[in-house]
Structures are given as C-alpha cells and as structure tokens.
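Please prepare a briefing on the structure shown below, covering one residue and then the chain as a whole.

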Amino acid sequence: MTDQAAERAPISGTTAGEISESVRNLVGTGRLRPGDAVPPIRELATELGVHRNTVAAAYRMLVAAGVAETRGRRGTVVASLPRLDGEAAANTELVDLSSGNPDPSLLPDIAAALAKLDYHPQMYGSLAVEPRLAAWARTTFTPEVDAPFEVSVTHGAVDAVERLLVAHLTRGDLVALEDPCFYASSGTVRLNGFRAAPVPVDAEGLDPRALKSTLDAGVRAVVITPRVHSPTGVSLTAERAREIRSVLAHYPHVLVIEDDHFSAISRHPYHRATPDTARRWALVRSVAKFLGPDLRVAVVASDPDTSERLGTRLRPGATWVSRLLQQLVVELLESDAAAGQFARARLAYAERVDTLRAELAAEGVETPFPTDGFNVWVPTPHGSAAPVAALREAGWSVRDGGPFLTPASTASPGIRITAAKLTQPQARELAQRLGAVLRSTSG
C-alpha cells in the first residue's frame with residue numbers, strides 16, 4: 001500500500017487484537033482491497049507507538065482468520081478469494097473431450113424412476129436420511145467396512161469432503177492430497193484456508209513412502225481416491241492399500257477420507273485404505289458418474305463422532321439433502337434394471353478408454369497409468385498449453401491438466417481426455433493428431 005493509500009486507510013490500535021480489528025474494519029468497508037499490502041511490521045509499530053511483536057501478532061491473527069496472507073519479501077497483503085476450477089462447459093463446435101461428463105445414453109431413465117416413487121411431501125423436522133437409502137447403505141457398506149459406522153447423506157462428494165474437513169480441521173492445517181489431484185479437493189483446501197501437501201500417485205495409487213513423509217510433517221487429514229483416481233484413472237491395488245493402511249496405522253489422530261466416486265461402475269474392487277486404528281474416518285460414495293451429474297447426492301459411512309459432526313451441519317428442517325432426491329437415488333440403485341445398466345456402462349467405458357490408450361500407444365504417446373473410468377491422462381513433459389491449443393485448432397476440446405496440479409506439485413504436466421462417448425474412428429484420429437502435436441513440441 002502506498003503512503004497515500006495508508007493515509008486514506010489509517011490503521012489504529014495499541015494491542016494485537018485492536019490492530020487486527022482495525023484492519024478487518026478497513027477491509028469490510030472496502031478501504032483496503034484484495035491484493036493491497038499492509039504496512040511493514042516495523043513501520044506500523046513505529047507509527048502506532050507499539051512493539052513490533054504486537055504488530056506481528058496482529059498480522060498472524062489476520063492470516064489465521066483468512067483476511068490476509070503472507071508473501072515472503074512482498075510482505076503481508078489482504079487476501080483474495082481463491083479462484084476455483086470446475087468442469088469445462090461442453091463446446092458444441094468442437095468434439096467435446098474436456099467436460100468430464102458421462103455418456104447420457106449409459107445413464108438410467110430418471111423420469112421413469114420418478115414416476116414409480118410413492119413420494120409424500122416431507123416437512124421441516126423430517127428425518128435427514130431417507131430410511132430406505134440408509135438401509136441400502138448398511139447393506140452395501142457393512143461387508144467392506146469392518147468397524148462401527150453411521151450413515152450420513154450430503155450434497156455430493158465435493159460437499160462431503162468439504163464438510164468433513166471443516167468439521168475436523170482449523171485454518172492452516174495440512175491436508176495430504178494426491179498428486180496430481182482432483183481439482184475440487186485442491187480448491188476446497190485453498191478456499192477454507194488449509195494447506196495442501198501433495199503425495200505422488202503411481203500405477204498402483206498413492207505412494208506410501210511419500211505419504212509417511214507428509215504425515216511426519218504434521219498432516220491432519222488425508223484424502224484418498226481408492227478407485228478411478230481423478231485425473232489418472234488409477235485404482236488402488238490390494239497390496240498398495242495394505243501398505244497405506246500400514247502407514248496410517250501409526251497416525252490414529254489423522255482424519256482419513258476415501259472418495260469412492262465411481263463405485264458402481266468401476267472395473268476394480270474396493271480395497272480399503274483406512275486402518276482399524278483410525279479414530280476419524282469417512283467413506284464417501286456419490287452417484288453422479290453413474291446416475292447423472294444432476295443428482296447431487298453422496299452417501300457417507302463414517303465413525304460415530306464424525307457422523308455427529310456432519311449431522312450438526314445437515315440438520316433436519318434446515319440443511320438436509322432433499323428427501324425427494326434421496327428417494328429417487330435409492331429407487332435407481334435398487335431397480336431391477338440397475339445391475340444390467342451398471343454392467344453396460346462399466347464395459348462400455350472400459351472398451352473406450354482401452355481403445356484410446358491403444359491408439360495413442362500406436363502413435364508413441366505414453367499413457368503410464370492403468371486407466372479405469374472414462375478419463376485418460378496423457379503426460380505432456382514440455383507443457384500442456386500448446387497441445388491443448390493445437391488440438392482445439394483441429395476441432396478437439398481436451399482438458400488442460402493445470403488445475404489438477406497443486407502449487408507444490410511435482411507431477412508432470414498433462415492433459416485429461418474424457419473418452420466417455422469416444423468412438424473407435426475418433427480415437428484413431430485424435431491419437432494421430434495428438435501424436436503429431438507432441439512430436440512437434442518435443443523437438
């Protein structure tokens with residue numbers, strides 16, 4: 001902030017609390033704006049006639065509250081609201097391989113399921129969890145979760161992860177995230193003032209040795225994708241899950257969140273990464289990938305304390321998930337057609353990503369991860385912007401992998417290709433074009 005700006009926005013106070021409150025008031029009235037620097041500690045201490053430690057304490061309070069952030073030699077500035085990434089809108093002028101959507105033809109008939117519901121209007125104070133969905137969850141989770149658990153329902157997986165982290169952590173806490181990482185998890189961490197600790201992912205899943213290093217550094221929560229990791233498509237092997245459980249067993253205080261978002265149509269079995277020693281844990285299963293992105297529902301199995309914490313944020317009659325949506329979801333999950341529908345989707349997506357990977361391999365394009373789901377990750381060691389732009393010029397829309405990398409990421413840049421609706425001729429043409437682009441950029 002310039003001297004003139006300082007005159008326009010005077011900071012007052014003689015204690016750390018008063019100085020912090022003064023800055024917050026200036027931010028609240030718009031006299032200090034995001035990106036504006038507050039005066040250096042020594043300068044403000046002299047101006048206010050207080051010890052510099054008092055000002056330093058005030059600035060720490062501002063950072064802890066999310067009002068300000070430190071930028072090393074650039075000093076302390078008023079914090080800006082993080083820019084969060086989402087899925088790209090479908091581009092009808094290009095072949096859409098970037099929006100991350102499932103194939104609509106492989107989704108169930110929601111209108112038909114709605115017609116079958118015996119729905120009765122739910123009033124304020126009704127149960128937060130639909131009993132039929134809770135019963136389905138008990139039947140589904142019990143064989144896979146060897147621990148007492150309670151069932152909660154959230155507005156999708158992203159909502160579940162955010163509520164779980166906020167329920168247990170405070171600003172500044174470290175959260176271990178996969179590297180590369182699902183952009184929404186990284187955004188949730190930044191938005192709530194947590195710090196991301198990236199853990200590399202290889203062909204078997206999260207690296208257990210790197211995970212241990214982050215845990216030793218003070219990580220308070222771990223977010224793991226047991227199947228169909230986004231964006232690589234990797235699923236934990238049984239051996240890797242065992243290794244992760246062995247590491248986490250020594251850190252029982254750490255919150256373990258498993259985001260099993262592709263559960264019903266993954267071609268791999270679920271291997272539990274949460275150890276028996278975990279005091280706080282949650283297994284999240286959303287339905288968007290196999291019932292439709294507009295069904296914002298996730299079923300959460302968690303330890304009783306975590307369930308109670310979630311319950312305070314999903315209260316009956318205030319913030320509960322629509323019982324109509326819950327009834328629709330369980331109707332779709334338990335319908336006579338569900339098993340066949342999921343099997344067709346599983347087979348179709350497997351064939352499409354395998355075809356794309358084979359065509360890419362024929363062009364010398366490496367896809368190092370054993371892909372599940374309907375996305376394929378292509379590393380681009382020389383950067384992702386040029387391949388994305390070149391493919392766009394040729395009529396193909398693919399997702400730049402930048403949003404999947406945290407600021408401290410050590411992963412290679414890459415692009416994500418959504419193959420959910422990709423035909424074999426399209427896969428061949430895309431592979432030929434991408435191969436030519438990568439060969440030209442590597443020279």
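In which strand is Val284 found? Val284 belongs to strand E10, which covers residues 281–286; strands (E, at least two residues) and helices (H or I, at least four) are DSSP runs numbered from the N terminus. This is a predicted model, in which local features need pLDDT of at least 70, side-chain atom pairs count only at pLDDT 80 or more, and totals for chains, interfaces and linings use all residues. Residues are numbered from 1 along each chain as its sequence is written, and side-chain values use heavy atoms, with hydrogens and water left out.

**Surroundings of Val284**
- Val284 counts as buried because its relative accessibility is 0%, where buried means under 20% relative accessible area (1.4 Å probe, protein chains only).
- Beyond its neighbours within four places in sequence, Val284 is in contact with residues including Ala157, Leu164, Ile257, His261 and Val299; contact means heavy atoms within 4.5 Å.
- Asp259 is also in contact with Val284, and the C-alpha atoms of these two residues, 25 residues apart along the chain, are separated by 5.0 Å.

**Overall fold**
- The protein chain has 16 helices and 14 strands.
- Its C-alpha atoms fill a box of roughly 75 × 65 × 45 Å, taken along the principal axes.
- Buried residues make up 51% of the 443 residues in the protein chain.
- Of the contacts in the protein chain with a separation of 6 or more, 73% come from residues 24 or more positions apart.

How values were computed
Buried means under 20% relative accessible area, exposed over 50%, partly exposed in between (1.4 Å probe, protein chains only).
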